[in-house]
Amino acid sequence: MIETPINILREELGKIVTHINDVKTQASIITAAANAGLNDAKVLLTHKTDEKKFLYNAVIISAYGAFERYIESLLDEYIEKQGKLLIKFSLFNSKIQNNYVDNWKLLHKNLQYKKYAALNEKDLVTNLYDVICRGKGCVKPECYYKPNGNYNSKTILEVFQSIGIDNANIKEYCKIPEEDVLTLSYETIVNNVDEIIERRHVIAHTTGKIDDILDGDILLLYISYLKLYAEALSDCLNDRLIDIFWLGMKDKRSIIQADNSMNSAQVLVFKNVHGVQFTKNQRVTICMPKGTYPRYKIVKIEEIRIIKKTGDKVKEVQRLVPK
């Protein structure tokens, strides 16, 4: 499972949210002090517009920077973990097999970018030999970075396609909070994430005065949208990894398919457990019922309840042993 990138992003976005809220609190304190006649506070109030602009710039640039690092670290872990599951380059998706040399060339051409500082030509050449000539699965994730960044939703889908994910329906993985399901759509989330990236581009590359500055409350909304979208991307790639694992382990007894789910998929129902052994507190991989996203779950069994035959009472057991 890929966990580190999204955890780091949550932490970084959390710090940005704290900063926005701190600035709002400071503004209230300054206003109260100015109204009480404190001269220094009155001076600070005259800087209110500039402070709002600096906050806006800092939040947009910091949020996008955290998001770009997240996308590339997500790619790192996905491709590296995929390599450990598949081992051989010939087992990788045909898209990766067909485009790896061209992407490797592009990476070699762009080694001057700071994001590739840890790479050197000798290691790159060795990697190409190992992958193409020796058939190893040690694919370099950096081959799939965008040198100039700007990871909007369209670019991210293009990156996904280049690593063999052609039907990445990210929408299915987006967990909109229950209180927002009637007013917030996936499309709104994506549009606002793309707007963050466009606003960052304007700040970084446009001269002159920026008139369209968002206030703290709107910035907080944008950060929440960025987090929801990032979590959806993480869940999607995790699903793909577990799918590779599932297909490779389909004959193993430790993997079965759920027939139904209840209570937000926390309770799983199995009709056929012939030949399968479960023990309480065991970790298992579950393929969820069709139409459930994520498609797979790795869970610890907290309770086992069985009905031996129709009409019997439900019985809680510590272990399910096939007969």
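1. Pocket lining. Helix H1 supplies the largest share of the lining of the second largest pocket, 7 residues. Helices here, like strands, are DSSP runs numbered from the N terminus (helices H or I, at least four residues; strands E, at least two). Elements that give two or more residues to this lining are H1 (4-35), H2 (39-46), H3 (48-86) and H8. A pocket is an open set of points on a 1 Å grid over the protein atoms alone, where a 1.4 Å probe fits, with protein on both sides within 12 Å along at least five of seven lines; lining residues have an atom within 4 Å of a point.

2. Basis of the note. The model is predicted: local features need pLDDT of at least 70 and side-chain atom pairs count only at pLDDT 80 or more, while totals for chains, interfaces and linings use all residues. Residues are numbered from 1 along each chain as its sequence is written, and side-chain values use heavy atoms, with hydrogens and water left out.

3. Pocket volume and composition. The second largest pocket holds about 540 Å³ of space. Its volume is the space filled by probe spheres set on the grid points, which are joined across faces, edges and corners. It is lined by 20 residues, and those closest to its centre are Val23, Ala27, Lys48, Glu51 and Lys52. Sorted by class, the lining has 9 nonpolar, 5 polar and 6 charged residues. Ala, Val, Leu, Ile, Met, Phe, Trp, Tyr, Cys and Pro are counted as nonpolar, Asp, Glu, Lys and Arg as charged, and the others, Gly among them, as polar.

4. Whole chain. The protein chain has 8 helices and 9 strands. Of its 323 residues, 40% are buried; buried means under 20% relative accessible area, exposed over 50%, and partly exposed in between (1.4 Å probe, protein chains only). Among contacts with a separation of 6 or more, 68% are between residues 24 or more positions apart. A contact means heavy atoms within 4.5 Å.

5. Helix H8. H8 covers residues 216-248, has 33 residues, and reaches 48 Å from its first C-alpha to its last, close to the 48 Å expected at 1.5 Å a residue. The expected span is 1.5 Å times one less than the number of residues. At the start of H8, a side-chain oxygen of Asp215 comes to within 3.3 Å of the backbone nitrogen of Asp217.

6. Helix H7. H7 (residues 186-205) has 20 residues and a reach of 29 Å from first C-alpha to last, close to the expected 28 Å. Its buried residues include Ile189, Val193, Ile196, Ile197, Arg199, Arg200 and Ile203. In general, an α-helix has 3.6 residues a turn, so residues three or four places apart point the same way. The buried residues of H7 pack against H3, H6 (153-162) and H8.

7. Helix H6. The buried residues in H6 are Ser153, Thr155, Ile156, Val159, Phe160 and Ser162. Their cover includes H3, H4, H7 and H8. Just after H6, Gly164 has a positive phi of about 95 degrees.

8. Positive phi outside glycine. Ile87 lies in the loop between H3 and H4 and has phi near 70 degrees, a positive value in a residue other than glycine. Ile87 is exposed, with a relative accessible area of 58%. Asn281, in the loop between strand E4 (278-279) and E5, is not a glycine either and has a positive phi of about 75 degrees. At 46% relative accessibility, Asn281 is partly exposed.

9. Cis peptide. Tyr293 and Pro294 are joined by a cis peptide bond, with omega about -5 degrees. Pro294 sits in the loop between strand E5 (283-287) and strand E6 (296-300).

10. Two asparagines in helices. Asn103 lies in H4 (residues 94-109) and is buried, with a relative accessible area of 16%. Not counting residues up to four places away in sequence, Asn103 touches Cys143 and Tyr144. Asn21 lies in H1 and is partly exposed at 32%. Asn21 and Leu220 are 199 residues apart in sequence, with 8.8 Å between their C-alpha atoms.

11. Lys140. This residue is in the loop between H5 (121-133) and H6. The C-alpha atoms of Lys140 and Glu80 are separated by 7.9 Å, although the two are 60 residues apart along the chain. Leaving aside neighbours within four places in sequence, Lys140 contacts Tyr100, Leu119 and Asn127.

Key: Polar contact = N/O pair within 3.5 Å; in protein donor to acceptor, adjacent residues only side chain to side chain.
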